[in-house]
Amino acid sequence: MNRFPVIRRSGRLAALAVVAALLWTMSVPAFAAGLELSTSYPGISARAGETLTFSLDLTNSSGSGCTVTLTEASAPEGWEGYFTGNGGEISQVYAKSGENVAVATYSVTVPSDAAEGDYTVRLQAGGGGMSSQLTLTLHVTTQETGSSAITAEYPDQEGAADASFSFNVTVRNSTAAEQSYSLSAQTPTGWTATFKPSGESTQVAAITVDAGGTQNLTVEVTAPTDADAGEYTIPITAASGGETLSTELSVTISGSYDLVLSTPSGLLSFDATANKAGDVTLSLTNAGNVDLQNINLTTSAPTGWTVTFSESTIGTLEAGATKEVTMTVTPASDAMSGDYVLGVTASGGGGSDTAQFRVTVKTSTGWGILGVLLLLIAAAALWAVFRKYGRR
């Protein structure tokens with residue numbers, strides 16, 4: 001039996017299979033290992049004089065890590081750019097195998113005299129026999145695009161020295177990369193200022209703001225209780241690696257209000273007699289640094305008691321001055337012997353104080369004598385009855 005034709009046919013089929021495999025291999029593109037330098041926003045608008053920051057990502061598909069040198073391949077004349085990482089300026093990064101997110105940032109300052117138009121900046125990443133270029137397109141415009149800033153909703157406030165002032169502040173990041181801002185305030189001596197994220201109670205010294213995003217803060221400013229009346233300016237700043245944002249808060253102190261109610265001796269107790277008027281001298285001292293107007297005196301006394309003042313309203317009490325007022329107290333006619341509490345309040349003009357007096361009530365001596373006489377008369381009457389009718 002002749003088998004050679006079969007062998008010849010099998011050889012032709014094998015050859016055709018090899019050719020088909022070669023053709024298929026040639027039709028499939030080979031995987032090109034290398035570096036890819038990228039950023040999320042390669043094309044943005046800017047204004048003359050503005051500093052822009054780009055967050056850079058590296059993809060290393062070579063299968064092994066390598067050191068990569070970052071350079072500015074080309075930039076318009078007069079434009080100044082630099083690379084930063086880990087809080088400082090850098091020139092190289094290590095690209096591990098795979099994706100390296102936010103491995104570095106690139107900042108560039110648009111010249112203040114740059115004309116309106118489109119500009120191109122090319123960045124180069126090279127290392128391990130690989131390289132990649134990234135083209136940034138910047139449109140410089142004279143129109144307002146919204147730069148990064150720190151602003152206060154109501155930057156001017158007024159109040160007393162012992163008040164707390166709360167400012168709603170917004171930090172806006174208009175750069176092309178996430179920014180970490182350090183927060184600080186320059187306060188006068190004795191003043192304090194704290195930063196808190198809106199709606200939170202935790203104090204913070206720094207915040208992170210997404211690219212193109214905003215962060216709302218509450219700045220609480222507290223003045224010392226002895227702060228003099230006047231206007232105070234508190235500069236606040238939010239500083240990142242590439243820029244410092246600043247604004248000013250203003251607090252107007254109308255003065256410190258401190259009214260003290262007591263007696264010349266400081267003693268808050270006295271004796272009184274039921275249904276008999278007695279006088280007590282009160283002292284009102286303006287311990288603040290502004291005059292107090294229209295100070296009213298009121299009391300909370302036991303039922304049936306009568307309390308009056310030589311002056312129930314004081315028109316003006318100058319700062320640092322003391323005024324004495326006579327309080328007349330008449331306990332109720334049926335008041336029993338014992339201790340009672342009498343409250344006196346002075347308020348007005350921004351200050352107030354309350355003093356609690358302990359009043360010891362004693363019954364009248366005349367009524368006591370009359371009671372003894374009645375007892376003696378009753379005893380004598382009983383003795384007479386027993387003497388007259390006792391023998392029966």
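Is Arg122 buried, partly exposed or exposed? In this predicted model, Arg122 has a relative accessible area of 35%, so Arg122 is partly exposed. The cut-offs behind that label are under 20% for buried and over 50% for exposed. Arg122 sits in strand 9, which covers residues 117-127. Not counting residues up to four places away in sequence, Arg122 touches Glu72, Ala73 and Ser74, and also Gln133, Leu134 and Thr135. Thr71 is 51 residues from Arg122 along the chain, yet their C-alpha atoms are separated by 8.9 Å.

Asn60, in strand 3, contrasts with this. Its relative accessibility is 1%, so Asn60 counts as buried. Two polar partners of the Asn60 side chain can be named: the side chain of Ser62, in a polar contact at 2.7 Å, and the backbone oxygen of Ser64, reached at 2.8 Å. When neighbours within four places in sequence are left aside, the residues in contact with Asn60 include Gly34, Leu35, Cys66, Ala95, Asn100 and Met130.

The next topic is the nonpolar interior. In soluble globular proteins, nonpolar side chains tend to be buried together. Here the largest nonpolar core holds 30 residues, and the members that touch the most others are Phe54, Val68, Tyr106 and Leu123. At least two residues of this core come from each of strand 1 (35-39), strand 2 (43-46), strand 3 (51-60), strand 4 (66-74), strand 7 (92-95), strand 8 (98-109), strand 9 and strand 10 (130-140). Strand 10 gives the most, with five residues. Phe54 is in contact with Tyr41, Ile44, Ala104, Tyr106, Val108, Leu136, Leu138, Ala176 and Ala177, among others, leaving aside neighbours within four places in sequence. Another core lies apart from this one; it has 28 residues, among them Phe270, Val329, Ala332 and Val359.

The largest pocket has a volume of about 430 Å³. Its lining consists of 25 residues, and those nearest the centre are Thr53, Thr84, Thr105, Glu178 and Gln179. By class, the lining has 17 polar, five nonpolar and three charged residues. Strand 3, strand 5 (80-85), strand 6 (88-90), strand 8 and strand 14 (179-185) each supply at least two lining residues. Strand 8 gives the most to this lining, with five residues.

Notes
Residues are numbered from 1 along each chain as its sequence is written. This is a predicted model: local features need pLDDT of at least 70, side-chain atom pairs count only at pLDDT 80 or more; totals for chains, interfaces and linings use all residues. Side-chain values use heavy atoms; hydrogens and water are left out. Helices (H or I, at least four residues) and strands (E, at least two) are DSSP runs, numbered from the N terminus. Buried means under 20% relative accessible area, exposed over 50%, partly exposed in between (1.4 Å probe, protein chains only). Contact means heavy atoms within 4.5 Å. A nonpolar core is a set of buried Ala, Val, Leu, Ile, Met, Phe, Trp, Tyr and Cys residues joined through side-chain atoms within 4.5 Å. On a 1 Å grid over the protein atoms alone, a cavity is a set of points where a 1.4 Å probe fits but cannot get out, and a pocket is an open set with protein on both sides within 12 Å along at least five of seven lines; lining residues have an atom within 4 Å of a point. Grid points are joined across faces, edges and corners, and a volume is the space filled by probe spheres set on the points. Ala, Val, Leu, Ile, Met, Phe, Trp, Tyr, Cys and Pro count as nonpolar, Asp, Glu, Lys and Arg as charged, and the others, Gly among them, as polar. A polar contact is a pair of N or O atoms within 3.5 Å; within protein, one must be able to donate a hydrogen and the other to accept it, and residues adjacent in sequence count only if both atoms are side-chain atoms.
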